Amino acid sequence: MSQTYRINGGQIDRSQLIDFTFDGKRYQGYAGDTVASALLANGVKLVGRSFKYHRPRGIFSAGSDEPNALMTIGEGARITPNTRATVAEIYEGMTVRSQNRFPSLNFDILAVNDVLAPFLSAGFYYKTFMWPAVFWEKLYEPMIRRAAGLGALSGEPDPDQYDKGFLHCDVLVIGAGPAGLMAALVAGRAGLHVILADEDFQMGGRLLCEHEQINSDASLTWVNQVIAELSSMTNVRLMNRTTVYGVFDHGIYGAVTRNTDHLAVKTKRPRETLWRIYAKRSVLASGATERSIALSNNDRPGVMLASAVRAYANRFGVLCGKRVVVVSNNSDGLRTADVLRAAGVEVPEVLDARQLVMPFDIYGKKAVRAIKFSDGRKVDADCIAIAGGWNPNIQLTCHKRGRPVWRDDIAAFVPNKDAITSEMDVAGAANGSFSTHQCLHEGAQAGERIVRALGKNAATVDLPQADDQPFEITPFWEVKGNTKRAWVDPQNDVTTKDIKLAVQEGFRSVELLKRYTTLGMATDQGKASNVLGLAILADCLGQSIPETGTTISRPPYTPVTISAFAGTSRFEHFRPVRETPSHNWAKEQGAVFVSAGLWNRAQYFPKPGETHWRQTVDREVIATRSSVGICDVTTLGKIDIQGPDAGEFLNRVYANAFAKLAVGKCRYGLMLREDGFAMDDGTAARFSDTHFVMTTTTANAVSVYRHLEFCRQCLWPDMDVKLISVTEQWAQYAVAGPNARKLLQKIVDKEHDVSNEAFPFMACGEITVCHGIRARIFRLSFSGELAYELSVPARYGDSLIKALVSAGEEFDVVPYGTEALGVMRIEKGHAAGNEINGQTTAKQLGMHKFVSNKKDCIGKFLSGREGLNEEDGSCLVGFKPVRQTDVLNAGAHFIGLGELNNAENDEGYLSSIAYSPSLKSYIGLGFLKRGQERIGQEIRAVDLLRGTDVQVTVCSAHFIDPKGERLRV
Amino acid sequence: MIIIHPLLGPRDAQEFTYLGDASLIHRPDPEADNVAGTFYEYLYQRDNIAGEHRELWFHEQGDRSWLVIKRNTLTHDILSVELASDVARREGRSK
């Protein structure tokens, strides 16, 4: 027999029968069912095991507040754990599995935890696993995580797409119950741009779950009319399956739409869309959530919220039991009996908990069998419907630090009006107004207020007639006098005993209680349990609830997948990749790339037969030093600086002088931070009195530009100078080696003389190449060889590298990558990122003579402070292993011969190392105390991490051509 | 957050980079007296204000304006937005 608990009515589509499986067993439901309603229709009571005690659990609620029925849904890579069965729509072929049980849901070994409960009370982790400390990470934590588990992911890459979107509107209405629909209707009719979002797949809110009358029609008829009217308005956007999960500053709301989770065939559509909604105003009409009463064994499968029992009967045509006892402390809960009796359910007892007789205990382990009352009577039942009162869903009013206030008449927290910004209105049950009439009324009012506030005229909307019975409640939180455990937070297995214990142990603040007992944590974030727990805490402390206070919630309202936040930012889309204009050419040459900043740079160009990267790099270095090599240096930051004050501007931002640099010349420049440490280095070339082009390192291109703009706009706002980054506008290549000029002369158009006499070292100029292509040429050398940098507008980069290589064939030209570049700069003793690392000064870098005495510049004053100019300060020198075959490690520290390896004897460190094919030995650059005075001495380079200890000789950092003769030929 | 840029209108805060206290505009004159003390104050001493704070933001993914923004650090209310160059001129940074 299937669906034996199905009755007539409800908003399911009985023409669409749907097959799905739960723990391998086949079941059927209808379109419009949730997993929960379909399981209940099939009489399935036991759906999960609790977090800590592994107690059998059933479906508790009918909404996103569900603490028990967490399922693993889907197959293969699409497995989604911890999905609330109460909100997951069924689809054909859906696979649903229960969680936190082994070997099966029916027989779970760790149910032994329930017997051990006396040892597992609040804070038992903290108390039990204190000693020995080393056991925590290796043994205790993995063990606990395994035992107290939720579902697991597949471990495979997520096969679905996720997207992000941005929406703008006049008013965002959150929740499409009576209040939200009314607010949207008023705002929509006034012509405002409205977004109406609801987490459910069907709009209507609580009206879907109750049989009420609006304007003497069934309330559903009214709902459908309003939705039809809203759908017809082009200024209204209806978004179902969309949870507004967070409220952020300045009218920004976060929302997530689940697009495909309900589909049997997953289309190419994004599974979820994460929205950022910019709204001038919003109406929070998020409704309310019913709460339970703490009573012995109130977590048994079949103990449910009364509103949920009504919802399953009215919305889904499903009975939660055939003999239902109703326990309520309020007028709303008592209605449950009428609904159930009308549906043909036996209701043997309706217990108004405000009377003398109280519920006392519940029998049945994997399903409720009976309930016992305080007068000793025992009544058989297969479902207990508990109504403990309603908590307005005020979570979103707390996201901007709104503190809710307590209302005695409804025994619940409501939004604090003063704390809510002018951006947000709250209407209906979310505001503590529970009758349908009040919801419609407040929704309309909120709509009208917003229409007026946004300067439109509100059309009169007749307020529909609806039920306006007052809500009456007598707070009743806990059945006392029974020594058995009564659950407060079923999701985290927090009982009244845990709260009392926490109070005894001094955790009296509500925030501490939460953290000590885990009350209100995990997927439901206390929707089911917080207020109940708070009430019991207040009782223990002999205080009122407002005196006790409450925790406030933060985003997200319900769990949001990490994938939704990631959106399309996965794999290669995680961050942008920048490629130089000749990237494809380099790829064709077989280049290996390395990520530098966001750039992909050619690291080296292996040739067939080369089996190790060092072979390739050595070849590239030797070829360059003996003939000519070409390196793509496009990634260097390039900043175009123009204006009458350009020279003076550079004077102020570089440590060395620039104002008097001749037109047609380049100069190396060192930039300091204001605190006196080196920030970046590069060159500036002067093309006219008023025009410079600066280069920066690849890594600092962005931060240097930002700094320069800061200097220009904030420090010297009247300097007549303008800056623009042109890094991506120019492709730039270094041509280095003794044959560099011969090669270039084949490329540079004849009218431009690049001979040594006409175009000496550090010259620059605007020329043409390859018959008229605009280019800039700089006679700069990073390698120490005769070298030029040639730049062309980016669109010519690919052609230029090809032209250079083809022109260089007769010289056996090689392309070289960042590795060979690095080797040659270390051989030459040039500082780079490893040396200019934010912790070194011009003095340490051996560039103190650069800091001009004749002018002020950023960082000059503080570079002169005492601490940065100590006599035994470390400085940059070179190192060679004493034994030529020894390998050096960057990061090794210098310790004197025969000294102990400790911090006291630490004299500096190796910053850069390379194998120099020119010297046939490893070489290194590093910072050593009084390094310059110790040239020729021996010291040890000790690397305790890699376990190496190499004897090295201190030498000049300029391993090759120390006099710089090669550059000038 | 949304920043109402004086030239470009409302812009999302994600387009901006944050620097900090707007007092960084007032770089000390290295020729002045007790310049060591002033530089120390300028560079290292900041008030950690709970309330109205004047701060520098850079519209890095926009027009590259530096802005001086008065923001309430408790509520994130933005009380004023000005071009930093205007503020700098007004506060005596003209050459």
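User: In this predicted model, how far apart in helix 19 (residues 701–715) of chain A are A:Arg712 and A:Glu709, in terms of helical turns?
Analyst: The two residues belong to helix 19 (residues 701–715) of chain A and are 3 residues apart there, which means that A:Arg712 and A:Glu709 are separated by about one helical turn. They form a salt bridge whose closest N and O atoms are 2.9 Å apart. At 15% relative accessibility A:Arg712 counts as buried, and A:Glu709 counts as buried at 2%. The separation asked for is about one helical turn.

User: Which parts of chain A does the salt bridge between A:Arg49 and A:Asp108 tie together, and how many residues apart in sequence are they?
Analyst: A:Arg49 forms a salt bridge with A:Asp108, with 3.9 Å between the closest N and O atoms. A:Arg49 lies in strand 3 (residues 48–49) of chain A, while A:Asp108 lies in the loop between strand 7 (94–97) and helix 2 of chain A, so the pair joins parts that are separated in sequence by 59 residues.

User: Is A:Asp425, the salt-bridge partner of A:Arg449, buried or exposed?
Analyst: A:Arg449 and A:Asp425 form a salt bridge with their closest N and O atoms 2.5 Å apart. This pair links distant parts of the chain, with A:Arg449 in helix 10 (residues 436–453) of chain A and A:Asp425 in strand 27 (residues 424–426) of chain A, 24 residues apart. A:Arg449 counts as partly exposed at 35% relative accessibility, whereas A:Asp425, at 8%, counts as buried.

User: How many salt bridges does the structure hold over all chains, and which residues are linked in a network of salt bridges?
Analyst: Over all chains, the structure holds 62 salt bridges. A network of salt bridges links A:Arg55, A:Arg57, A:Asp114, A:Asp299, A:Arg485 and A:Asp493.

User: What geometry does the aromatic pair of A:Trp406 and A:Phe413 have?
Analyst: The search of the whole structure finds 25 aromatic pairs over all chains. In the pair formed by A:Trp406 and A:Phe413, the distance is 4.9 Å centre to centre and the angle between the planes is 75°, and the geometry is edge-to-face.

User: Why is the pair of B:Phe58 and B:Trp66 stacked?
Analyst: Both B:Phe58 and B:Trp66 are buried. Their ring centres are 4.7 Å apart and their planes meet at 20°, so the pair is stacked.

User: Over which ring does the charged end of A:Arg237 sit?
Analyst: The charged end of A:Arg667 sits over the ring of A:Phe658, 5.8 Å from its centre. For A:Arg237, the charged end is 5.2 Å from the centre of the ring over which it sits, that of A:Trp275.

User: In what order do the elements of chain B run from the N terminus on?
Analyst: Chain B has 2 helices and 6 strands, and buried residues make up 44% of its 95 residues. Its C-alpha atoms fill a box of roughly 45 × 30 × 20 Å along the principal axes. From the N terminus on, the elements of chain B run β-β-β-α-β-β-β-α.

How values were computed. Residues are numbered from 1 along each chain as its sequence is written. Chains are lettered from A and ligands numbered from 1 in the order in which they are written. This is a predicted model: local features need pLDDT of at least 70, side-chain atom pairs count only at pLDDT 80 or more; totals for chains, interfaces and linings use all residues. Side-chain values use heavy atoms; hydrogens and water are left out. Rings of Phe, Tyr and Trp (its six-membered ring) pair if their centres lie within 6.5 Å; planes under 30 degrees apart count as stacked, over 60 as edge-to-face and the rest as tilted. Buried means under 20% relative accessible area, exposed over 50%, partly exposed in between (1.4 Å probe, protein chains only). A charge sits over a ring if NZ of Lys or CZ of Arg is within 6 Å of the ring centre and within 35 degrees of the ring normal. Helices (H or I, at least four residues) and strands (E, at least two) are DSSP runs, numbered from the N terminus. A salt bridge is a side-chain nitrogen of Lys or Arg within 4 Å of a carboxyl oxygen of Asp or Glu.
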